[in-house]
Amino acid sequence: MTMSVRRRKPAPPKRAGNGRQPLAKAPTGIVGLDEITNGGLPRGRPTLVCGGAGCGKTLLAMEFLVRGALEYGEPGVFMSFEETIDDLVENARSLGFDLQRLSARRRLLLDYVRLERSELTETGAYDLEGLFIRLGHAIDSIGAKRVVLDTIELLFSGLSDRFVVRAELARLFRWLKTKGVTAIVTGEREAEHLTRHGLEEYISDCVIVLDQRVREQSATRRLRILKYRGSAHGGNEMPFLIDDRGVSVLPITSLGLSHEASTAHLSTGVAGLDEMFGKQGYFRGNSVLVSGTAGTGKSSLAAHFAAAACRRGERCLYFAFEESPSQITRNMRSIGIDLAPWMRRDLLRIHARRPTALGLEGHLVAMHRLIEDWGPRVVVVDPVTNMIAVGSETEVKAMLARLIDFMKRRQITALFTSLTEGGGAAERTDLGVSSLMDVWMLVGNPEANGERNRTIQIVKARGMAHSNQVREFVMSDHGVTLVDISRRADGSVAIGSARGAEQRHALASRAQPSRSHRAK
Amino acid sequence: MKNSARRTWRLRLYVAGQTPKSITALANLQRLCDGHLAGRYRIEVVDLVQQPHLARRDDIVVVPTLVRQLPPPIRKIIGDLSNVERVLVGLDVSPRDGAE
């Protein structure tokens, strides 16, 4: 008889301290939302989604139904009190959802309730039993597991007896639970109240607040889990985006530091620079910051790095926030780096966007998406500082932290350039983001003896032996090369023409004792 | 006036089961029609519990709802029809209609 050695099943999730079962959840299928809710909305219960006009609550609710129908085998009923069926179909089409097809397949049922006070005469007592019957019939007719009521508060403007409406809504939400459907109830946000008519008093399991702000001419959308009974949730505002693929909440998981640190190296693309990192270059999965003032050669270093990746046959995604792809390729050709062949072979993609074209979160979501879709091994962001144009420094730092975390988990090596102001404050300016980086290099072009020369130094390189020397950074039509700076005995350095002269001189007078001496 | 004299009133009352509200509404409606539209009306009662699909088709959420189907245009009155004056206004039954 053979004994089967079976591994024990993993222990069931620990119960909460009060002995309750962990909450069952219904995945929304919305990018990022299931991550931040640890699995979706409370199953079999209503969730309140509230926000101002145009904040995206209808589309979010619709996507919840569409994903449910398509991906989780859960048909849904959308009861609209605001938009007509034609409008719903039209608006959903912009997200790539074909509601008519879903309706024809009985995976979705759209119902528009028209309640216009001016068209109704009220006389005597009434209730909303008709709504219950209507919704119940809709649910039963397609076996719906999900329901959206958008925006049910319009009952208050359609009917004058607020007392009846309130009582009936309370009954409705209790009834929804007995039907076992997972529901989204939307509410219009008003001033300091979550919803105009206090729906939050009835729906207490889960409350999601959407918000849209316009700053610097670009709209940013945010989502916050205000309340989630029985479930851990981050109370932070999460940026989200609505585009032709639906809603994406920023796919941030823990922002933890659990990613594996790689010990594999990869070239910086500049031989002399690899040498400064112990001949091997960066670690794979490193985040590298190159900062410097204008014209110090940051983009050239980035291009070398990109080209090196392509030479290894790795995909490189280059986010350009300052120049167009053709400008970049032309400029790089002038220093002997031809990026065009890599672009033709689709190993290099340059994605150029004006920073102000999207809000900060828009950029972040777009970047995540491009990375996710294409799967590059190497990413360049040039320059990351242009992001500050669309957000405050803390926001930019938070966004970068998310992006870096995301890339690290995928072992993507990223190089960020950072344009710093002149005047020697480079290190201070970058302090905000440099703490997020594994490697930080400063490039400069100090003026001395009537000429400007480029220098490079490594400020930090986590976990790597690295040179502490300042090297001279020479750009020619063969690209970037690094040259040791001559050090004089007095500790000062010779750079550029002075270095050349002194080196020649040193060669000529090799036999003679040094003529430099300490100034006293 | 000749026209209105010949008008037939088709009224449909949506209810949800035999509830006190629906019984009151029907009684009120019957009384009102007998008083003001004698011989010129037809009442159809739709019980949504029996025919739930009609709630969506006819866009009903409140019960009782009275719908004037004829003469056009369609008019809706909600409630148990306990205020005769308001029902008459809502149905657009003019006093002359009733006086005939």
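Among contacts in chain B between residues at least 6 apart in sequence, 65% join residues at least 24 apart. Two residues are in contact if their C-beta atoms, placed from the backbone, lie within 7 Å. The model is predicted: local features need pLDDT of at least 70, side-chain atom pairs count only at pLDDT 80 or more, and totals for chains, interfaces and linings use all residues. Residues are numbered from 1 along each chain as its sequence is written, while chains are lettered from A and ligands numbered from 1 in the order in which they are written.

Chain B contains five helices and four strands. Helices (H or I, at least four residues) and strands (E, at least two) are DSSP runs, numbered from the N terminus. Along the sequence, the pattern of chain B is α-β-α-β-α-β-β-α-α. Of the 100 residues in chain B, 37% are buried. A buried residue has 20 or more other C-beta atoms within 10 Å of its own; an exposed one has 12 or fewer, and a partly exposed one falls in between, with C-beta atoms placed from the backbone.

The two chains touch. In this interface, 28 residues of chain B are in contact with 23 residues of chain A. On the chain B side, helix 3 (53–57), strand 4 (75–78) and helix 4 (84–91) each supply at least two residues. Helix 4 of chain B gives the largest share, four residues. By class, the chain B side divides into 16 nonpolar, six polar and six charged residues. Here Ala, Val, Leu, Ile, Met, Phe, Trp, Tyr, Cys and Pro count as nonpolar, Asp, Glu, Lys and Arg as charged, and the others, Gly among them, as polar.

Two strands pair if DSSP finds at least two bridges between them. Axes are lines fitted to C-alpha atoms, for helices over the stretch in contact, and angles run from 0 to 180 degrees between N-to-C directions.

Strand 6 (residues 120–122) of chain A pairs with strand 4 of chain B in the parallel sense, over three bridges. Leu120(A) stands opposite Lys76(B). Within chain B, strand 1 (residues 9–15) runs parallel to strand 2, joined by seven bridges. There, Val15(B) stands opposite Asp47(B).

In chain A, helix 2 (residues 57–71) has 15 residues. Of these, 12 are buried, so helix 2 of chain A is largely enclosed by the rest of the structure. Leu60(A), Phe64(A) and Arg67(A) are among the buried residues. Gly73(A), with a positive phi near 60°, follows this helix.

Helix 12 (residues 360–374) and helix 13 (residues 393–409) of chain A have axes that come within 10 Å and cross at roughly 10°. The two helices are therefore roughly parallel to each other (angles under 35 degrees count as roughly parallel, over 145 as roughly antiparallel, 65 to 115 as roughly perpendicular and the rest as oblique). Their contact includes Leu364(A) and His368(A) of helix 12 and Met399(A) and Phe406(A) of helix 13. It has nine nonpolar, one polar and two charged residues.

Methods:
The expected span of a helix is 1.5 Å times one less than its number of residues.
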